[in-house]
Amino acid sequence: MSMSRPMPKRPVVAVAGATGAVGREFLKVLHELDFPASEVRALASARSAGKELPFDGCGDVPAGPLTVQEMTPASFEGVDIALFSAGAGVSKQMRQAVVDAGAVMIDNSSAFRMDEDVPLVVPEVNPEDIQWHHGVIANPNCSTIQMVVALKPLDDLSPIKRVVVATYQAASGAGAAAMDELYSQTKDFLDGTPTAELEVSAFQHPIAFNCIPHIDVFLDDGSTKEEWKMVAETKKIMHRDSLEVAATCVRVPVLRCHGEAVNVEFEGAVSADEARAALEGAPGIVVMDDAETCAYPMPGLLANTTPVFVGRIREDVSVPHGIAFWDVADQIRKGAALNAVQIAQLLLP
């Protein structure tokens, strides 16, 4: 267990990287869940110090703007929970200061996810793993989170042998500049600029009216690091080294919310009705699946929502025991800020 001190009922919370998209979402989620904080500190780089961020309050903290402070090692004195979304480099730089202060770092970057001494936690899937943290708990990759939330109730029906997933990932997963680029390229395209001539900086190719099967860097085996993350993180979260996972990750011209087409092969027989019932009864999931009314999850209509939405549940007849489904989640919320604050809730006495 951690060297951190006992968690108080009204913890002091620091938000590191408070001015970024996920940092601002942390503040919204703390308010929406009425997290019982006694204080919330907004931390960011020196150039953001002095800025004011809107905050609707939570716990003992009244509504009113938070003044951003420059993040330094001294910023964590008196902090109990540090929610980090400032990039892997900053997380590595500040880890010791957070741990030395007796706080728990809940880190949204890729810095520590695969470290053996760091739990990788999705509260609906493996909440028990927070018990062995040593001052750092990692938030998984956004695309992994929404998939394992749906896999867990299915795995409880019959152990999953193999997962094949294709992701349809929103531009905002690459940051605010990527969203801006989708807007600007769309406008330019509609004004008559050919796709090949659109100005590109956030991605390798134009994102407007296009799909890019390339997220993060390519690895030696031809997969991308985003695909590798889904494979490795799923095995760690589900405690199943033998689980076979194949992923293809694609950036699509959607502003917010990732979609995933998932095919699951089980050890034993699982019907579509059994899968649907298990998903309907699972925490954090909303089943949206009615062919007659054309009800299924769609990214364009689900921004700013908190659940993982699942639809198109059907049997996959290409394998002996197969189920196929489609899931959608807001990757800035459940894929990042919400999951981290739910981890923080697990730490409360």
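P299 touches V254, R256, C257 and V328, where touching, or contact, means heavy atoms within 4.5 Å; residues up to four places away in sequence are not counted. This is a predicted model, in which local features need pLDDT of at least 70, side-chain atom pairs count only at pLDDT 80 or more, and totals for chains, interfaces and linings use all residues. Residues are numbered from 1 along each chain as its sequence is written, and side-chain values use heavy atoms, with hydrogens and water left out.

P299 sits in the loop between strand 12 (285-287) and strand 13 (308-315). Strands are DSSP runs (E, at least two residues), numbered from the N terminus. P299 counts as buried because its relative accessibility is 15%. Buried means under 20% relative accessible area, exposed means over 50%, and partly exposed lies in between (1.4 Å probe, protein chains only). Along the chain, P299 and G259 are 40 residues apart, yet their C-alpha atoms are separated by 6.7 Å.

L301 is also in the loop between strand 12 and strand 13. L301 counts as exposed because its relative accessibility is 66%. Together with Y296 and M298, L301 makes a nonpolar surface patch of about 290 Å². A patch is made of residues with over 30% relative accessible area and no salt bridge; nonpolar side chains (Val, Leu, Ile, Met, Phe, Trp, Tyr) are joined within 5 Å, and like charges within 9 Å. A salt bridge is a side-chain nitrogen of Lys or Arg within 4 Å of a carboxyl oxygen of Asp or Glu. Accessible areas come from the Shrake-Rupley method with a 1.4 Å probe, and for residues only the protein chains shown count as cover.

A charged patch comes next. R24, K28, R47 and K51 gather on the surface in a patch of positive charge. Lys and Arg count as positive and Asp and Glu as negative, while His and the chain ends are not counted. The place of a charge is taken as NZ of Lys, CZ of Arg, CG of Asp or CD of Glu.

K51 belongs to the loop between strand 2 (39-44) and strand 3 (52-53). K51 is partly exposed, because its relative accessible area is 44%. S48 has its place in the loop between strand 2 and strand 3, but S48 counts as buried, at 5% relative accessibility. Leaving out residues up to four places away in sequence, S48 touches T19 and V68.

Finally, P73 lies in the loop between strand 5 (69-70) and strand 6 (81-84). P73 is exposed because its relative accessible area is 52%.

Definitions and conventions: Helices (H or I, at least four residues) and strands (E, at least two) are DSSP runs, numbered from the N terminus.
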